[in-house]
Each structure stands twice: as structure tokens, then as C-alpha cells.
Amino acid sequence: MDPNTAGVLEAQTTSSLPLASSSSAASLSLDGHAAGSFLGSIVGDNPYFQAGFGLMGVGVGLTVLRKGITLSSIALRRRLLVSLEINNKDRSYEWFLTWLAHRTAEAQRGRAFSPSAWTRSHQLSVETAYEQRKNGSSSVLFKLVAGPGVHWLQYKGAWMQVKRERETRSMQLMSGIPWETVTLTTLSRDRSLFPMLLSEARDMAMRGQEGKLVVHTAWGTEWKPFGLPRRKRPLKSVVLEEGVGEKIEDDVKAFLGRREWYADRGIPYRRGYLLHGPPGSGKSSFIQALAGSLSYDICLLNLSERGLTDDKLNYLLSNAPERSFILIEDVDAAFNKRVQTSEDGYQSAVTFSGFLNALDGVASGEERVIFLTTNHLEKLDAALIRPGRVDLAMLIDDASPQQARRLFINFYGGTHNEDDKTVDALGEQLEEIVNDGVTVGKRVSMAALQGLFIRNSARDADCAGGVAQRRVKGREEAGKAVWG
């Protein structure tokens with residue numbers, strides 16, 4: 001091939017390359033435009049896509065709004081509301097329920113459409129206090145309180161929500177009582193009303209007990225007041241043999257005033273008393289009167305109670321309420337004639353060794369005063385009445401002639417039926433009558449004399465018709481009245 005021909009071919013080849021490239025670019029441009037038109041048709045012209053995208057946007061917006069409302073509500077509650085929780089282990093729990101029950105009773109006495117009528121509790125619970133006595137009689141008291149649920153009350157112009165909740169799936173380990181809480185909710189600006197409300201509930205509870213004796217009984221492993229507070233009995237109304245009551249009272253007062261003395265010497269701060277004697281001599285009455293005179297309560301413990309065990313007994317003795325005497329009556333009968341009453345065993349599982357250890361063992365509590373009573377001192381084990389468990393034992397015997405005269409004067413002195421001189425004279429004659437009976441071996445209890453005085457007037461009780469007029473015959477008739 002000649003050079004000219006080669007140059008022409010090269011020129012043709014070179015000129016044809018740009019044309020091919022331009023064609024390819026045009027083709028790509030057309031394809032991109034087609035793809036864009038297709039996406040545009042889907043996004044801009046497809047109503048289904050637009051609707052789905054719009055719904056998704058609405059859903060996201062509503063979720064954000066709901067979350068915002070929730071967070072705002074939580075923030076507002078934290079800023080504007082305040083809650084107070086009271087659990088049933090706290091002493092104010094019973095005070096508040098009693099206070100609320102009192103307000104509910106007041107609301108029920110109001111008019112049907114009065115503001116107070118709207119705060120009445122319609123969800124109620126009953127609390128029953130039951131006591132079975134040894135003589136077969138029993139006492140049952142009912143108290144209606146706000147039950148589990150939501151209640152409303154208005155206190156000093158502020159509305160409060162009261163929510164009582166009960167946890168039934170878990171129980172208190174020792175007592176088996178369900179956990180309960182009461183939650184009060186009000187505006188934050190009214191939080192200062194909580195202390196005022198609790199103080200009012202406390203004062204109401206204390207006012208019911210002011211000047212009265214509270215008797216506690218064991219409920220599982222808890223001490224709970226039984227019934228209503230009782231009027232205190234004057235100590236002088238229990239007539240014991242001369243000097244006996246004074247000795248016990250002085251010993252108790254000396255013990256209560258020597259707390260630091262015991263601590264300095266490393267001696268456990270506890271004291272035990274044993275009052276023994278025949279039935280009706282005034283043992284329990286004296287303990288009750290002594291507790292009232294010292295402004296102490298009484299914790300009545302029955303060792304034969306069903307379900308009572310050594311560990312529960314130890315817990316009860318170690319956790320008695322402050323300023324209270326623990327009273328265990330007829331201790332001689334606690335461990336005698338124990339019979340199986342059902343498949344679950346004995347009425348009480350307390351052992352004698354467990355009882356001794358609870359009195360002064362390593363795990364026994366301090367700061368307590370225990371009174372034991374018995375009608376048969378000879379039946380008690382020597383280990384029970386040794387010093388440290390029983391620090392003072394006193395005989396409370398049947399009526400002596402002097403006791404009979406003092407009891408007679410206490411009953412009838414200062415009355416309008418007889419003047420004091422006549423009462424003193426009749427009292428001396430009664431003393432002679434009782435002395436005549438004691439000389440020949442007759443005995444009369446203070447309870448029997450008290451029953452005689454309650455049923456008769458001064459002259460009838462003393463002389464069965466008149467010693468002053470018929471001294472000899474009257475002495476015989478009076479003796480029949482006293483000795484039966």
C-alpha cells in the first residue's frame with residue numbers, strides 16, 4: 001500500500017472515533033432521562049405511594065406526640081403532685097385508717113348532696129377483735145375502715161387521693177399478714193398538709209387513750225390493741241395485805257429509775273415478778289391498777305395460744321410496745337395436760353426450755369417488766385422462779401380481817417346512805433366477823449367479799465339485818481352472809 005492510501009485510511013479511522021463516542025453518550029443520556037421519568041412517575045404520579053408515605057408520616061408524628069405527652073405528663077406530675085406512702089408496719093398506718101373511718105362516719109351523717117357526701121368511702125374493710133376468756137365468755141368488736149381501692153377526701157380545702165393497696169402474693173414472714181400500703185396524693189403546694197393530717201390522726205388516737213389503760217394481745221408476732229382503751233383503775237381500789245402492794249410498787253419504780261445503773265454494770269435491764277395465791281385474791285387486778293398508776297400498758301400473753309412457738313414467743317417478748325407490762329397468767333397451767341387437738345399438733349408448740357430461754361436467754365430482749373401469776377406455787381419448776389427470771393415473788397392471799405374492813409370502808413365510805421362514823425363502826429364489826437372465821441380455819445376471797453358488797457347495802461352486807469341493834473344474832477347472820 002502506498003503512503004498516500006495509508007494516510008487516507010488513518011484519517012478516516014480517526015474521524016470515525018468521535019462519532020461513535022458521541023452516539024454512546026447520547027444513548028446514556030436517553031436512558032438516564034427514562035429512568036428519572038420512571039421514578040418521577042412512581043413518586044409523583046402514584047397515589048398509593050403518596051398515601052403510604054403520608055400515613056407513615058402521620059404515624060411517626062402521632063408517636064412523637066404521644067411520647068411527648070407522656071413525658072410532659074410525667075414531668076407535670078413530678079412538679080405538681082406529691083405522694084406520701086404509709087405501710088402497715090408503721091404505727092401511723094392504724095392511726096390514719098381510724099381517722100379516715102371517723103371522717104367517713106361524719107360524712108354519712110351529712111346530707112346526700114353535701115360536699116362531704118362525695119368523700120364517703122364505698123369500699124370498706126372490717127377489722128374484728130376477738131377475745132376468748134378462760135371462763136367461756138368472749139368479746140367481739142367490729143371496726144369498719146377504708147378497704148383496698150381508691151378513695152377521695154377533702155382536707156382543709158385541698159383534695160387528696162387515698163389509694164390503699166394490698167399485696168396478696170407475698171406475706172410478712174413472721175406474722176403471715178399481707179403487706180399493705182396507703183398512698184396519699186395531692187398537689188405539691190399542699191404537701192405541708194401531710195404532717196398536719198398525721199398529727200391530727202395521732203392526736204385522735206392518743207385522745208382515745210388518754211387517761212386510760214390499753215391492753216395489747218398477741219396477733220401472730222405482732223402486738224395489737226384489743227378493744228377500746230379501758231378506764232384506769234385507782235391503785236387504792238385494790239386492797240391487799242398491809243405493805244404488800246407498797247413493796248411491789250416501790251420495787252417497780254426503783255427498777256424503772258435505774259436504767260443507767262444496769263447499763264454501767266452490764267446487767268440485763270429486765271425485771272420479773274411472780275404473784276401467787278388463791279383465786280380471787282386480786283393478783284390480776286393489782287397488776288392492772290399498777291400499770292394504770294404508772295401510765296403503762298399491759299401486753300397479755302397466752303402461752304397456750306394455737307400456733308405459738310419458741311421463736312415467736314422470743315420475738316414477742318423482745319418486741320413488746322414501749323412502757324408496757326407483759327402479763328402471763330396461770331403460768332403453772334401452761335405446760336400441763338398438753339393434748340393434741342388436731343392433726344397440726346398441739347394448741348401451742350412452746351417448750352418449757354424455750355420459755356426459760358425467752359425469759360433470760362442469750363437472745364432474750366431487754367427493757368421489759370414481766371408479771372407472772374399462779375394459783376399453785378408448788379407446781380412451778382425451780383428453774384422458773386430462780387432469781388434473774390423471777391426477781392420478786394409475793395403472796396397475794398385470801399382476805400385478812402384488816403383487808404375486809406378496808407375494803408368495806410372503800411365501798412361504802414363517803415356515800416349518802418351512811419355517815420362515816422357508821423361505816424367505820426360497821427367495818428370494825430365486819431373485821432371481827434372475818435377474824436372469827438379465820439380463827440376456826442375459814443377463808444374468804446376478796447372477790448367473794450366484793451361480790452357481797454355489790455349486792456347489798458352497807459348494813460345488809462355487814463350484819464345481814466343489823467348488828468348494831470342485835471349484836472349477837474347479827475354476828476351469826478353476818479357470818480352466814482360472809483361464809484355462805
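Helices (H or I, at least four residues) and strands (E, at least two) are DSSP runs, numbered from the N terminus. The views below show a predicted model, in which local features need pLDDT of at least 70 and side-chain atom pairs count only at pLDDT 80 or more, while totals for chains, interfaces and linings use all residues. Residues are numbered from 1 along each chain as its sequence is written, and side-chain values use heavy atoms, with hydrogens and water left out.

**View 1**
Ala 448 belongs to helix 12. With a relative accessible area of 38%, Ala 448 is partly exposed; buried means under 20% relative accessible area, exposed over 50%, and partly exposed in between (1.4 Å probe, protein chains only). In sequence Ala 448 and Gly 280 are 168 residues apart, yet in space they are 7.5 Å apart, C-alpha to C-alpha.

A pair of aromatic rings is described by the distance of the centres and the angle of the planes. Rings of Phe, Tyr and Trp (its six-membered ring) pair if their centres lie within 6.5 Å; planes under 30 degrees apart count as stacked, over 60 as edge-to-face and the rest as tilted. A search of the whole structure finds 14 such pairs. One of them joins Phe 408 and Phe 453, an edge-to-face pair with 5.5 Å centre to centre and 80° between the planes. This pair links distant parts of the chain, since Phe 408 lies in helix 10 (residues 401-412) and Phe 453 in helix 12 (residues 446-455), 45 residues apart. Both Phe 408 and Phe 453 are buried.

**View 1. The aromatic cluster around Tyr 262.**
Phe 255, Trp 261, Tyr 262 and Tyr 269 form one aromatic cluster. Within this group, the ring centres of Phe 255 and Tyr 262 are 5.5 Å apart and the planes stand at 85°, so this pair is edge-to-face. Phe 255 and Tyr 262 are both buried. The charged end of Arg 258 sits over the ring of Trp 261, 4.0 Å from its centre; a charge sits over a ring if NZ of Lys or CZ of Arg is within 6 Å of the ring centre and within 35 degrees of the ring normal.

Helix 7 spans residues 283-293, and its buried residues are Lys 283, Phe 286, Ile 287, Ala 289, Leu 290, Ala 291 and Gly 292. The elements that cover these buried residues include strand 7 (212-213), helix 5, strand 11, strand 12 (297-300), strand 13 and strand 16, where contact means heavy atoms within 4.5 Å. Ser 295 lies in the loop between helix 7 and strand 12. Its phi is near 60°, a positive value in a residue other than glycine. Ser 295 counts as partly exposed, at 43% relative accessibility.

**View 2. Helix 9 and its packing partners.**
In helix 9 (residues 352-360), the buried residues are Gly 354, Phe 355, Leu 356, Ala 358, Leu 359 and Asp 360. They pack against strand 11 (270-276), helix 8, strand 13 and strand 16.

**View 3. Asp 330 in a loop.**
Asp 330 is found in the loop between strand 13 and strand 14 (340-342). Phi of Asp 330 is near 50°, a positive value in a residue other than glycine. At 24% relative accessibility, Asp 330 counts as partly exposed.

**View 7**
Rolling a probe the size of a water molecule over the atoms shows where empty space is left. On a 1 Å grid over the protein atoms alone, a cavity is a set of points where a 1.4 Å probe fits but cannot get out, and a pocket is an open set with protein on both sides within 12 Å along at least five of seven lines; lining residues have an atom within 4 Å of a point. Grid points are joined across faces, edges and corners, and a volume is the space filled by probe spheres set on the points. The largest cavity holds about 60 Å³ of space. Its lining consists of Arg 270, Arg 271, Gly 272, Leu 359, Arg 368, Ile 370, Gly 388 and Arg 389. Strand 11 gives the most to this lining, with three residues.

**View 4. The second largest pocket.**
This pocket has a volume of about 360 Å³. Of its 18 lining residues, Arg 259, Glu 322, Arg 323, Glu 367 and Arg 368 lie nearest its centre.
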